[in-house]
Amino acid sequence: ENLNTISAEKTKLETILKFMTDGVISFDEGGAITHINPAAKSYLGIDESGTDFDEYFSQNPITAAHNEESGSVYTTNDMLQVEEKFSGIWAKEVDHAYELCQQNLPSDIFSSVKADHETWLSTQHADLADIRADGQQAGGTLGSVQIATDSAAYYEKEAKKLYHVLY
């Protein structure tokens with residue numbers, strides 16, 4: 001009788017996911033898609049076969065906007081402005097991803113995410129100081145561009161880690 005109940009619940013859940021208008025994607029710990037409903041496929045234009053989280057994340061709108069803006073810069077000062085802008089965007093995205101984890105993950109999983117994130121926060125000041133020191137060695141505007149670029153990559157990496165847990 002328990003198997004029949006479980007089977008009926010599974011069928012019910014699959015039907016709900018199949019016909020809901022919101023997109024739903026789930027990934028396993030290795031980053032491979034374990035489920036994608038038709039709405040998600042339609043919205044994102046992706047196919048579940050062979051799509052892993054890294055590939056999916058590389059198509060995020062922040063990276064697309066960065067690529068578009070950086071493709072039209074002509075001076076190192078323009079490049080610096082673009083890199084500083086996206087460093088700030090990725091820093092905010094870390095906060096947003098963490099809030100989503102807090103709101104959507106089961107408490108046992110979130111407690112692990114929280115511990116990892118608190119460790120990241122505790123080393124953030126020193127990590128960014130190292131990034132600044134490396135850029136200052138290069139000197140000038142190019143050194144400043146390096147600092148902004150490396151800072152953006154630092155924040156992007158943490159955001160990606162948080163989103164991977166969510167999806």
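**Entry 1**

I began with Asp-54, which is partly exposed at 45% relative accessibility (buried means under 20% relative accessible area, exposed over 50%, partly exposed in between, with a 1.4 Å probe and protein chains only). I was working on a predicted model, in which local features need pLDDT of at least 70, side-chain atom pairs count only at pLDDT 80 or more, and totals for chains, interfaces and linings use all residues. Residues are numbered from 1 along each chain as its sequence is written, and side-chain values use heavy atoms, with hydrogens and water left out.

I found Asp-54 in a salt bridge with Lys-160, at 2.9 Å from N to O (a side-chain nitrogen of Lys or Arg within 4 Å of a carboxyl oxygen of Asp or Glu). The pair joins distant parts of the chain, 106 residues apart: Asp-54 lies in helix α3 (residues 53–57) and Lys-160 in helix α7 (residues 140–166). Helices here are DSSP runs of H or I, at least four residues, numbered from the N terminus. I noted Lys-160 as partly exposed, at 26%.

**Entry 2: Lys-85 and Glu-69**

I next looked up Lys-85, whose salt bridge with Glu-69 has its closest N and O atoms 2.7 Å apart. Lys-85 is partly exposed at 40%, and Glu-69 is partly exposed at 27%.

**Entry 3: Glu-158 and Lys-161**

I recorded a salt bridge between Glu-158 and Lys-161 at 3.2 Å, N to O. Both sit in helix α7, 3 residues apart, so about one helical turn separates them. Glu-158 is buried at 3% relative accessibility, whereas Lys-161 is partly exposed at 38%.

**Entry 4: Count**

My tally by this rule is 3 salt bridges.

Technical notes
Helix = DSSP H or I, 4+ residues; strand = E, 2+ residues; numbered from the N terminus.
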